[in-house]
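User: I'd like to go through the labels on this structure and see what backs each of them. Can you take me through it?

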Amino acid sequence: MHAGWEYMTITANVSNGHVHDDALDGKLTALGNQGWELTHVTPLTHEGKTTCLMHHLRRIAERQRQAGFQP
């Protein structure tokens with residue numbers, strides 16, 4: 001059994017229907033290689049237009065070692 005989850009949120013600005021973060025795919029790939037899993041994307045809107053995408057990620061939390069014990 002794992003020790004729970006860690007969570008992270010990253011954002012990407014949207015303008016005129018386009019994401020303005022050319023490095024977003026690279027960031028998500030790097031995070032995936034570190035064990036992060038993209039769980040969902042939430043669009044944020046203002047006056048009916050999407051202005052930002054929030055990317056929600058999670059990964060299994062590492063167990064905290066306690067003095068004198070080895071996992």
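Analyst: Here are some labels, each set against its definition. This is a predicted model, where local features need pLDDT of at least 70, side-chain atom pairs count only at pLDDT 80 or more, and totals for chains, interfaces and linings use all residues. Residues are numbered from 1 along each chain as its sequence is written, and side-chain values use heavy atoms, with hydrogens and water left out.

User: What makes strand 1 and strand 2 a pair?

Analyst: Two strands pair if DSSP finds at least two bridges between them, and two bridges join strand 1 (residues 5–15) to strand 2, so they qualify. Ser15 has His18 of strand 2 as its bridge partner. Strands here are DSSP E runs of at least two residues, numbered from the N terminus.

User: Why are strand 2 and strand 3 called edges?

Analyst: The open antiparallel sheet has four strands in the order 2-1-4-3. Strand 2 (18–19) and strand 3 (37–46) each have a single partner strand, so one side of each lacks a neighbour in the sheet.

User: Why does His55 count as buried?

Analyst: Buried means under 20% relative accessible area, exposed over 50%, partly exposed in between (1.4 Å probe, protein chains only). His55 comes in at 5%, so it is buried.

User: How do you know that the charged end of Arg58 sits over the ring of Trp5?

Analyst: The rule wants NZ of Lys or CZ of Arg within 6 Å of the ring centre and within 35 degrees of the ring normal. Arg58 is 3.8 Å from the centre of the Trp5 ring and is listed as sitting over that ring.
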